[in-house]
Amino acid sequence: SGKEVNGSVNVPVIEDVIFLRAAGFFRKQNGYIENTPGSSLNGVNNYGGKISINILPFYNHKINLTANYIGSNHNGIGMINPWMPDSMGNAEFYRTSTSLDGIDNKGFKQEFLDAVLTYKIYRSENKYWTSISSYRKSRTSDIWDADGTALSAFGLKNDANGSLFYQEIRFNFSRRSRNNGSLGVSYMRAVKSSSNYVNSNDKFIYEILTYPGNFLMPEDNRFPVKPQPLDPEPMNDIPLSGAHSEYFSDERKTGSYQAYIHLTHQLTRRIFFTGGARASYNRLKLWQEAASVEGSPSVLGNYTGASPNLIYKPSEGQTLTNNSLNVTGQAGLTYRWNENFNFFINALYARKPGLLQFTWDSRKQMLDAETVKGLEAGWKFFLSGRLFFNVTGYYREHENISAVLWRASSGD
C-alpha cells in the first residue's frame, strides 16, 4: 500500500515579461518484504520539486531558469538467500520474508539537485545565440545486508558524492533554407567521490558457503569453494577469523573541452548532404585508496588475494591520470525522389577517452580508447499514403569495449 500527493501552480509575475511555474510531489510505498526481526523492506519514499522561470526582457531575448530537486529514502533492500531458511523456519524458495542481521540504519538515501540557465539572443527566427549554464549535485548513502541471512557475515555501506558544471555557447544558423546547422563550444567539469565499507566475518561466511544445497559459485571465482555439495573438511584445520572491516575509497575528476559543428546542405533539388564533427580534449584523474579499518585480518583474504582484507587489497593513496584528444565525425547523403520515396547512406566514426580504473588488488589500469566505425544505407517510401516501408542495412565495428569480469588472476 502507499499514497501519492502532487501539485503545480502557474503564475504570471509580470504580464508578458516574467512567468513562474512550480510543481512538487510526494510518494510513499510501504515495504512488501517482511524482515523477521521486526521491520518491512523494499519500501520507498520519493519527494521532489521543480521551479521554472521564463523572462522576456526584450523582444529578441529569452531567459529560462529551471531548478530541480529529487529525494529518495528507501527503508532497506530485502536480500533473500533462497537456499537458507529465515529465523522463523520459512524455507520456501519464493517467499516474502527474510532474516537480516541488526546493522543499524539499513536502507538507501539519495538527493539530487540541478539548475540550468538558458539565455537566447535572436538575430532572426533562424539565427540565434544560445548560452547554457548548468550545475548538478548528488549525494547517496547505501547500507545493506549482502548475505541475506540473520548472520553478520557480509554487510556493505557506500557513501558517494558528485558534482558537475557545464557551460555551452552555441550558434544556430540558416542561409536561404539551403544551409542549416549549428556550431559551438562547451566545457564540462565533473567530480565524483565514493567510500565503500565492507563488514565481514570469515566464520559466518564459511558457514553460509558450506550450508548444504547453497548457491553455486562461478568456476573462475576468487573464493575457495566449488559447486555444491561442499566438503568442509579441507578447511577444518584452518582457524577462521571473526569480525573484519575494510574500506575502499576513490575520487574521479573529469575535465572536457569540446568544439563541434553540424550542417545540412542542399546540393541539388533532390540531393542533401548532412555532416558533423566534434573534437574534445579530455583530462582525466583518478585517486584510490584501500585499507583495513578494524578487527581481525581476513583469513579468507589469503584465497581471494586481498589479504589482510577480504575484497580490496590494501594500498596507500595512488593517482592515475590521462589526457587525450578525441575526434568524432558523421556524414551522409540523401536522395529524395519525391516526398514519398528516398535513398540514404551514412557513415560515422566515434572515439571516447580510455577508461581509468584500479583493480580489486589495487593495480593501475589505463584501458585503450573505445572506437566505433559504422556504415548504413537504405531506402524509405510511402505507398498510397497508407503503407510505410523502411529497408536498411548496416555495418558496425567496435574496438576496445570495456566489460566487468569476475576473474581469479591478479590485475583483472
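Asp16 is exposed, because its relative accessible area is 56%; buried means under 20%, exposed over 50% and partly exposed in between, found with a 1.4 Å probe and protein chains only. The model is a predicted one, in which local features need pLDDT of at least 70 and side-chain atom pairs count only at pLDDT 80 or more, while totals for chains, interfaces and linings use all residues. Residues are numbered from 1 along each chain as its sequence is written, and side-chain values use heavy atoms, with hydrogens and water left out.

## Backbone details

Let us stay with Asp16 for a moment. Asp16 sits in the loop between β1 (2–14) and β2 (18–29). Strands here are DSSP runs of E with at least two residues, helices are runs of H or I with at least four, and both are numbered from the N terminus. Although Asp16 is not a glycine, its phi is positive, at about 65 degrees.

Ser362 is another residue other than glycine with a positive phi, near 65 degrees. You will find Ser362 in the loop between β16 (356–358) and β17 (364–366). Is Ser362 buried or exposed? Ser362 counts as buried, because its relative accessibility is 11%.

Which peptide bond is cis, with omega near 10 degrees? The bond from Ser307 to Pro308 is. Pro308 belongs to the loop between α2 and β14 (315–338). Helix α2 covers residues 301–304 and includes Thr304. With a relative accessible area of 2%, Thr304 is buried. Thr304 and Trp360 are 56 residues apart in sequence, and their C-alpha atoms are 9.7 Å apart in space.

## Salt bridges

Side chains of opposite charge can pair when their charged atoms come close. In a salt bridge, a side-chain nitrogen of Lys or Arg lies within 4 Å of a carboxyl oxygen of Asp or Glu. How many salt bridges does a search of the whole structure find? The search finds six, and the table shows some of them.

| Arg139 | Glu111 | 2.2 Å |

Arg139 in strand β9 and Glu111 in strand β8 are 28 residues apart, so their pair links distant parts of the chain. Arg139 is partly exposed at 47% relative accessibility, and Glu111 is partly exposed too, at 27%.

Lys352 counts as partly exposed at 47% relative accessibility, whereas Glu370 is buried at 17%.

In the pair of Lys157 and Asp159, Lys157 is partly exposed with a relative accessible area of 32%, and Asp159 is partly exposed with 25%.

## Aromatic rings

A pair of aromatic rings is described by the distance of the centres and the angle of the planes. Rings of Phe, Tyr and Trp (its six-membered ring) pair if their centres lie within 6.5 Å; planes under 30 degrees apart count as stacked, over 60 as edge-to-face and the rest as tilted. By this rule there are 14 aromatic pairs.

Tyr122 and Tyr128 form a tilted pair, because their ring centres are 5.1 Å apart and their planes stand at 40 degrees. Tyr122 is partly exposed at 26% relative accessibility, whereas Tyr128 is buried at 18%.

Trp129 and Phe171 are also tilted, because their planes are at 40 degrees, with centres 4.7 Å apart. Since Trp129 lies in strand β9 and Phe171 in strand β10 (residues 154–175), this pair ties together parts 42 residues apart in sequence. Trp129 is partly exposed at 41% relative accessibility, and Phe171 is buried at 12%.

One aromatic cluster is formed by Phe341, Phe343, Trp379, Phe381 and Phe389.

## Leu375 is in strand β18.
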